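Hi,

Here is the model I said I would pass on.

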Amino acid sequence: MITVQPVRQIKLTLAQKTYYPELWKGLMVTCDHFFTNLFRHIGRSVGMKTKPPMVTIQYPEEQRWISPRWRGLHRLMLRPDGAPRCVACMMCETACPDKCIYITAGESPDGRIEKYPVAFEIDLLRCCFCGLCVEACPEDAIRMDTGIVEFGAFRRDELYLDREFLMNVKPELTTHTQYVGELDGRPLQRVDLVKLAQQSH
Amino acid sequence: MLLDFGIIVGKIAIIFLGILNGAGILTWVERKQSALMSDRIGANRASILGIKLLGLINSLADAIKLIFKEDFLPPKGLRFLHALAPCFAMFPVFVTFAVLPFGPPIELFGREIKLQLLNMDIGFLYILAFGSMAVYGTMLAGWASNNKFSLIGGMRASAQMISYEIILGLAIIGPVLVFGTLEPGALVTAQNQLLWGWLPKWGIIVQPIAFLLFLPASMAETKRAPFDLPEGESEIIGFATEYSGMRWGMFFLGEFAEIVVLGAVLTTLFLGGYHIPYLFDAAEMASGPGFYFPWGATIPLGTWSVVSLRVAAFMTKVAFLMWLQMQIRWTFPRFRYDQLMRVSWREMMPIALLNIGVTGLIIMWLN
Ligand code: SF4
Ligand code: SF4
């Protein structure tokens with residue numbers, strides 16, 4: 001059985017159908033913004049104490065606050081001795097829906113670890129920033145918490161990230177740091193789900 | 001003889017430079033105005049030695065970019081027509097202005113000079129004729145690009161422009177019936193009369209419906225939003241897709257020049273041309289030029305101040321209409337193509353015809 005959702009037609013009043021009153025209203029809105037801003041810009045430039053003009057975030061100079069959970073540019077985490085945390089288990093490569101992670105595994109020189117990535121490449125052109133690689137990693141070796149959102153490039157191969165690049169994206173963060181335990185400046189409250197469920201009964 | 005020639009060349013230079021500068025400034029106005037009304041700041045990046053001139057340098061940078069950009073010709077395109085199309089888009093716009101008076105006749109070197117290049121009895125037919133010439137530009141651009149999408153874009157453009165051309169023609173008939181002339185100069189002079197002794201007899205007051213039809217139709221002629229279906233480049237492929245650099249710039253400039261010229265046409269037809277209400281010159285008022293207000297006050301003025309006031313009034317009106325067209329362009333969403341055609345043929349056309357009929361009846365009844 002196929003059920004369909006009927007498209008609901010919006011009933012227009014006569015004033016809306018004739019179009020001109022609505023056009024007029026629209027024009028009034030934009031004119032309001034135009035003249036308010038014009039007055040404030042001119043007032044400010046001649047030194048009057050007008051309210052600041054309504055402006056959006058002036059992007060390159062001002063930037064929005066980015067949540068610690070924002071999925072930005074990838075990075076590879078390091079062990080305290082500077083070796084990659086990655087154990088070349090291929091979990092991320094398998095999980096990646098875009099198949100844009102290419103790992104070549106090699107035998108690790110460290111006796112306690114079996115493998116390490118000889119090459120670890122991410123084709124950022126194909127990546128859809130889903131974060132599944134981060135979820136899949138059993139070693140917390142790959143993260144997207146760099147907060148870097150500007151990675152435009154002039155050539156395609158500049159967006160083909162290799163292991164060295166990924167290990168050095170944010171050197172000051174590169175050793176094993178925890179996720180920032182606060183949101184918007186407030187410490188995150190840990191919610192005990194079991195307790196919550198008991199209370200609500 | 002030589003003086004006549006000099007006067008004509010002077011007028012051409014004034015008109016040409018006026019339109020070109022108007023169009024150049026409009027590129028800046030468009031960016032700044034749209035920015036202000038959507039709470040942005042607008043062009044403010046380009047600078048020369050740190051001087052930004054409120055973003056005017058950006059327009060200069062745009063021009064330099066357009067000149068030095070690769071001049072691309074589609075490999076299988078028709079070279080000659082491809083080069084010709086932008087000229088066809090520019091030329092009609094510039095020559096349209098020739099019949100529009102931009103100021104009152106002045107006395108200079110012992111002779112009367114009309115501030116109007118061509119004094120033609122069929123002035124408005126000339127405007128309409130050259131208005132429809134612009135279709136060739138878009139059509140040729142689509143055809144010569146040898147790109148099927150561009151061709152469809154060109155077809156779309158010409159269908160739209162021809163449809164709205166008809167509305168333009170029908171809307172003009174209203175004021176022409178009322179003022180009884182097709183000559184722009186005479187039409188402007190006729191608009192300096194007063195209705196019932198106080199209301200200026202401007203086209204917009206005696207023919208408001210014609211104005212409401214002419215404005216959108218002329219905006220559709222300029223192919224600008226909300227009628228920018230021929231060239232919404234990033235969404236629907238338009239006729240100018242295969243153009244780059246200065247050739248594309250000519251389409252772009254022609255469009256802005258069209259805004260200036262249409263502002264002038266609208267001013268001439270509906271806003272009383274260069275006239276200011278209650279301001280009369282020596283020819284119209286025996287007791288000398290000046291303001292004669294209906295409540296009795298008078299401000300006598302010299303001949304030259306009247307002339308300069310009138311030229312300034314013409315420019316202000318054109319500037320206001322340019323501003324209005326920009327404001328409309330940045331306020332309204334684009335029509336869908338079927339809506340666009342429906343508005344023209346099924347809604348504006350009957351209203352235009354009705355307007356002509358009613359106007360004719362009223363004029364018959366008044367006589
Ligand atoms: S974010 Fe998603 S698409 Fe990008 S590399 Fe990770 S798994 Fe692949
Ligand atoms: S899932 Fe983690 S440990 Fe495994 S290969 Fe990917 S980054 Fe390395």
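Over all chains, the structure holds 16 salt bridges, a salt bridge being a side-chain nitrogen of Lys or Arg within 4 Å of a carboxyl oxygen of Asp or Glu. Before the details, the ground rules: this is a predicted model, where local features need pLDDT of at least 70 and side-chain atom pairs count only at pLDDT 80 or more, while totals for chains, interfaces and linings use all residues. Residues are numbered from 1 along each chain as its sequence is written, chains are lettered from A and ligands numbered from 1 in the order in which they are written, and side-chain values use heavy atoms, with hydrogens and water left out.

One pair to look at in chain B is Glu30(B) with Arg224(B), whose side chains meet in a salt bridge at 3.0 Å, N to O. Glu30(B) sits in helix 1 (residues 2–37) and Arg224(B) in the loop between helix 8 and helix 9, so this pair links distant parts of the chain, 194 residues apart. Helices here are DSSP runs of H or I with at least four residues, strands are runs of E with at least two, and both are numbered from the N terminus. Both partners are buried; buried means under 20% relative accessible area, exposed over 50%, and partly exposed in between (1.4 Å probe, protein chains only). For Arg224(B) the relative accessibility is 4%. Leaving out residues up to four places away in sequence, Arg224(B) touches Glu30(B), Met219(B), Glu255(B), Phe256(B), Ile259(B), Met326(B) and Arg329(B), with contact meaning heavy atoms within 4.5 Å.

Another salt bridge joins the side chains of Arg334(B) and Asp228(B), at 2.7 Å, N to O. Arg334(B) lies in the loop between helix 10 (303–331) and helix 11 (337–366), and Asp228(B) in the loop between helix 8 and helix 9, so the pair ties together parts that are 106 residues apart in sequence. Arg334(B) is partly exposed at 32%, whereas Asp228(B) is buried at 10%.

Over in chain A, Arg143(A) and Asp140(A) meet through their side chains at 2.9 Å, N to O. Arg143(A) is buried, at 1% relative accessibility, and Asp140(A) is partly exposed, at 24%.

Chain A has six helices and seven strands. Of its 201 residues, 28% count as buried.

Now the ligands. Which residues come nearest to ligand 1? They are Cys96(A), Cys127(A), Cys130(A), Gly131(A) and Cys133(A), out of 14 around it; a residue is near if one of its heavy atoms lies within 4 Å. That shell divides into eleven nonpolar, two polar and one charged, where Ala, Val, Leu, Ile, Met, Phe, Trp, Tyr, Cys and Pro count as nonpolar, Asp, Glu, Lys and Arg as charged, and the others, Gly among them, as polar. Around ligand 2, the shell has twelve nonpolar residues, no polar and no charged. Among them are Cys86(A), Cys89(A), Cys92(A) and Cys137(A).

Last, the interface. Chain A contributes 19 residues to the contact and chain B 15 residues. The area buried between them is about 1600 Å², with 67% from carbon and sulfur atoms; buried area is the accessible area (1.4 Å probe) that two parts lose on being put together, summed over both. In chain A, Tyr20(A), Leu27(A) and Phe34(A) lose the most area to chain B, together 33% of what that side buries. There are zero salt bridges between the two chains.

Cheers
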